[in-house]
Structure formats: structure tokens, C-alpha cells
Amino acid sequence: MGDGDAIVARVHVDARRRARSTATNDAIEAAVRTFVLERKACVDDARAGALVDGDESDWKCEAGAFLRAQCDKVWVSDVEWLDGDEGKGRGTRRLLAWQCALTTRAYGLCEDGPGEEIGEGDEIATYTEWSLPCVDFEGAWESLIFDDDEVKTRLLRYATAALLFGERGVDAQLISWNRVVLLHGPPGTGKTTMCKALAQRLSIRFNHIYSSSVLVEVNAHSLFSRWFSESGKLVSKLFGKIQELLEDEDSLVFVLVDEVESLAAARRSAANGSEPSDAIRVVNALLTQLDALKSRPNAIVLTTSNITEAIDLAFVDRADIKCYIGPPGMRARYEILRSCVLELIRRDLVQGAEPMEFDDGVAKGCPVSLTLREAAEACDGLSGRALRKLPFLAYSTVGSTGRCSVEAYLRALVAQSAAEIADRHRLDTSTTAAA
């Protein structure tokens, strides 16, 4: 790769094995490294950018042919600039192979669906379990778009450091860390998706240390379905299962607790009720079980909350990192809608020129990009979840034949954005009047 002082970035390249591939991860990772060196490639710093953007001749070397046969995707998943300046690499910065410290990870996807555990006599599952990396979460990390790229970088680096400390056996009596993440903010901003995507990314990045990874999603509401001793049993049974998974030191276990503020709500409602003691014991038991996971170096707890003021302070104290995920700003709205338009163009549902990135389109006066910017401005206030629905709703008004120009589609997208905001305003007004 060249002299150490010439290396300016650590580049993470992921290679996804084909379902019927017989190659080992080690063989694929070695081929990726050889392929980059043989091509003397320029590696783009775009996080989801393809490693290879040349013509067919690029694949005619032995390593290239092997990768094409064994993998259905090879791409740059992350770039860490060693000079610490993440911003200056945005958009256009490219690196020659000898400037990179290359880290490669090969992986295959689990195609099995999630499993559920339903308590005796209950209709609601107490938890859902996924084997990682899985088909359900593939592409989720790349689909998350925020105004500040630092959000994803911060979470990934935190979790990587937390696992590294555990792997190296850092003395927890001297340096304290709980491996607990809290994402908070309004509904629909991608908190739960972020947790699942982060677990997926880490399961790939650490697959050379952990041979398997599991995500256990706790249904917090189901733990409070019974108040007379039964809830305590549910908590014990749930964490007994998690502890069993953690006994395998080669397995990385993620515990996801969505809407963790329900713990605080349960504690407050119990304190005001006629039978407060049992409910409080249940919440305390859950917090105690979370504390017990601290001693497990192969466990990470991921939590979300929609109601910041309702989060139990006893839990907040346990979270190492507390990250606010807010509604998308102008740049994020534009890039979310742009990613949707690009997908429709790739699928030949929309025909025409592709919109450019946020800054480039404006600077160059690209008509398609300027119209998309108008749509992004019109949907100010919508959550990321709502934004992802707009492209379909817009298409349903103009593209039923499967043939639609990008100009016509973007005009429909502008109109649909304005209509969605108006509908929500009317709904809010009627709700206020009824109250």
C-alpha cells in the first residue's frame, strides 16, 4: 500500500457473497485486496459507492473474475480519514489504492425470517430474534440520510470502540462503559431503523471475531401485560434467553428495546395505582438485568424513545451515548427524495436525466435538480418515514402506464408534497377542534 506516511484513510470494503457461493470469507477478502492492487484503483469515498466503476476489462484479471463469480456486490461501506477531517472528503475526494489502509469484510445474508417468543397465555410476543446479517436489514444503513453525516459516524465509532474495549479486556473498574445506546427524538425519524442497521453493520465488521450475531428485539409493552407476579417471570425468562445466547463467546448479541420510555410510564402509573410495588419491582428488575449485561463483552443494548421528557433518569444514567435524531432538514429531504427518484429511474419507471447531488445541482443550475429542490422545500416538517411514502403516492398519480418522464414525475412530486402538508394541517385542525 505504500509508506505509512502516505496512507491518508482507512477504507472499509464489504463483499456480499452470492447465495450459492462456495468460497470462504478469507478467500473473498484476499481477492478484494488483490483486485484493488492489480487495478491500481481509485477508491471513491462515497459510502455506498461501488468499488468498481470501470468497464468490463477491469474484471478480466483472475481476482476480478473470481469476485464476479462469487459475489453479487462489492462496495466501499465506510471511509475513516486519518487526518480527522471528515468533511473535506464529501462528494468528490478519491484515493489511489496505495493511499488506503484497506479493510475487507466478506459476508453472506441469512434468509431466514425472524423468530418470536410468545409467553404462555399471551397473544403478544415478548421478543423477536434475528440472525445477522439478514436480508431484512440489508441496505438499511445506506438508506438512512441525515443532514449531519456525523450522526452515523458517531454511532458506528462508539459501538466499534465499545466492542474493542471488551475484546482487549480493558479494566471496567478503571474505565467505565455500559455498551448502551439511546436514540431519542420524534416518531418517524429512523431511530429503530438506525438501531437495526447499526447491528447489521457491526455484525459484518466484527465477523472475524464473532462467528455469529443475533438481534433480540424486546417488546417492552408485553413485559407489563400482567401485574401480579407474572410480569416478573416474563422479564426473567426473556433475559434468561439472552444470557443463554451470551454464553457463546463467539456470538455477538444485540438487545433492542424500542420505546424505552414505557419503562418510565409504567413506573409512574404504578406509583399512582393501588398496587404499585409489583410494577416497580418489574421495572427495577429490567434495569437490573440490563446492568448484568455490562459484564458481557459480546453484548450491546440499543434503545429508542419518542418522548424525551418521559425517559426514566435511572435509564438515562446507564446510556453511554444519547443521540438526538430529529426531522430531516433541507439537505436530508432533498437527498432522501433524490434516492427515491434514482431508484425509479434504475427500474425504468421514470425516464430522463438523473437529479444531481444537493450542492452540485444548485451550483450548475440543473433543471431536474432545481425541481427536486422545490419538492424538498414543499415537504418541510415531514418525517423521514413520511418522505419515503411520497414518491409512491406521486407516481400513482402520473405513472400508471410505467412510462413517465422525470420532469412530469417531479412536478407530481411537488404537488404531492404540498397536498400531504395540507392534509396534515387539516387533520391537526380537526383534532384540535374536537378536543
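Let's start with two helices: H10 (residues 330-346) and H13 (residues 384-398) pack with their axes 9 Å apart, at an angle of about 45°. That angle makes H10 oblique to H13; angles under 35 degrees count as roughly parallel, over 145 as roughly antiparallel, 65 to 115 as roughly perpendicular, and the rest as oblique. Axes here are lines fitted to C-alpha atoms, for helices over the stretch in contact, and angles run from 0 to 180 degrees between N-to-C directions. The crossing of H10 with H13 is right-handed, where right-handed means that the near helix is turned clockwise from the far one by less than a right angle, and left-handed means anticlockwise. Helices (H or I, at least four residues) and strands (E, at least two) are DSSP runs numbered from the N terminus.

Before going on, please keep in mind that this is a predicted model, in which local features need pLDDT of at least 70 and side-chain atom pairs count only at pLDDT 80 or more, while totals for chains, interfaces and linings use all residues. Residues are numbered from 1 along each chain as its sequence is written, and side-chain values use heavy atoms, with hydrogens and water left out.

H10 has another partner in helix H12 (residues 367-378), with axes 9 Å apart and an angle of about 120°. H10 and H12 are therefore oblique to each other, and H10 passes H12 in a right-handed crossing.

Now for the aromatic rings. Rings of Phe, Tyr and Trp (its six-membered ring) pair if their centres lie within 6.5 Å; planes under 30 degrees apart count as stacked, over 60 as edge-to-face and the rest as tilted. By this rule there are five aromatic pairs. In one of them, the ring centres of Trp 75 and Tyr 107 are 6.3 Å apart and the planes stand at 70°, so the pair is edge-to-face. Because Trp 75 sits in strand E3 (residues 71-81) and Tyr 107 in strand E5 (residues 100-107), the pair ties together parts 32 residues apart in sequence. Both Trp 75 and Tyr 107 are buried, where buried means under 20% relative accessible area, exposed over 50%, and partly exposed in between (1.4 Å probe, protein chains only). Trp 130 and Phe 137 make a tilted pair, 5.1 Å centre to centre with 55° between the planes, and these two residues are buried as well.

What about the cysteines? A disulfide is a pair of cysteine sulfur atoms within 2.5 Å, and by this rule the count is zero. Cys 195 has its nearest cysteine sulfur, that of Cys 323, 10.0 Å away. At 1% relative accessibility, Cys 195 counts as buried, and so does Cys 404, at 6%.

Finally, the backbone has some details to look for. Most residues other than glycine have a negative phi, and most peptide bonds are trans. The bond from Leu 132 to Pro 133, however, is cis, with omega near -10°; Pro 133 is in the loop between strand E7 (125-132) and helix H3 (140-143). Arg 179 is not a glycine, yet has a positive phi of about 55°. Arg 179 is in the loop between helix H4 (150-168) and E8, and at 3% relative accessibility it is buried. Asp 348 also has a positive phi, of about 60°. This residue lies in the loop between H10 and helix H11 (358-363), where Asp 348 is partly exposed, with a relative accessible area of 42%.
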